[in-house]
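Thank you all for coming, and please have a look at the model on the screen before I start. I will go through it slowly, giving each term as it comes up.

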Amino acid sequence: MKTLSIDVRRAEPHDARAISETHRLAWQHTYAGIIPHRALTQMIERRGENWWRKATRGPATLLVLDVAGTVAGYATLGLNRARALPQEGEIYELYLRPEYQGIGLGRMLFGEARRLLKSLGCNGLVVWCLEDNENASRFYRSHGGIDFCEGMENFDHKQLKKIGFIWN
């Protein structure tokens, strides 16, 4: 019998290349057909290995989902950036490589991110996602998120609506 290790841990600088690859694959899979191609490509290219290496030392907390030594996903989290909302914590990003989606690993990563924010004293949580990202909207609703507010994001002159989900 073989044991498969699955762990959520803080990212280290040596994870940068794997996080960069996970980011590229997840974003291409998630946003193709939603965010204009040129804008999406530029956003992905800006976040290469060096960007992620710096992010491991930055003000936001960066978690990785490690499946048997492979970075299968990541989450970034910290203090809520939307001052008009009373929730103190925010998950800025939560993404999995496409081949790891739909098997409960997102729930695991989301749960660990929530626990970490709570342990840091954050009361309440907000997560933003694009309205057209139906998988993310369904995920957050199924995990108790309340569709509370809306905003707009501009991608290469295309306005896209985003939804703010909250947990108190």
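Predicted model: local features only at pLDDT ≥ 70, side-chain atom pairs only at ≥ 80, totals over all residues.

Residues are numbered from 1 along each chain as its sequence is written, and side-chain values use heavy atoms, with hydrogens and water left out.

An unreviewed UniProt entry places the feature "domain: N-acetyltransferase" at residues 6-168, and such annotations may be inferred rather than shown by experiment. That span is 35% helix and 34% strand, where helices (H or I, at least four residues) and strands (E, at least two) are DSSP runs numbered from the N terminus.

Let us turn to helix 1, which covers residues 16-31 and reaches 22 Å from its first C-alpha to its last, close to the 22 Å expected at 1.5 Å a residue; the expected span is 1.5 Å times one less than the number of residues. Its buried residues include A16, W27 and Y31, buried meaning under 20% relative accessible area, with a 1.4 Å probe and protein chains only. Among the elements that cover the buried residues of helix 1 are helix 2, helix 3 and strand 4, and just after the helix G33 takes a positive phi of about 90 degrees.

The structure holds 12 aromatic pairs, a pair being rings of Phe, Tyr or Trp (its six-membered ring) with centres within 6.5 Å, counted as stacked under 30 degrees between planes, edge-to-face over 60 and tilted for the rest. Y31 and Y95 form an edge-to-face pair, 6.1 Å centre to centre with 70 degrees between the planes, and this pair links helix 1 to strand 4, 64 residues apart. Y31 counts as buried because its relative accessibility is 7%. Ring pairs also link W27, Y31, W51, W52, Y74 and Y95 into a cluster.

Where do the nonpolar residues gather? The largest nonpolar core has 26 residues, with L65, L77 and Y140 among those having the most contacts inside it, and helix 4 gives the most to this core, with 6 residues. Such a core is a set of buried Ala, Val, Leu, Ile, Met, Phe, Trp, Tyr and Cys residues joined through side-chain atoms within 4.5 Å. Apart from it lies another core, of 22 residues, among them A16 and I34.

Key
Buried < 20%, exposed > 50% of the residue type's maximum accessible area, 1.4 Å probe, protein only. Contact = heavy atoms within 4.5 Å.
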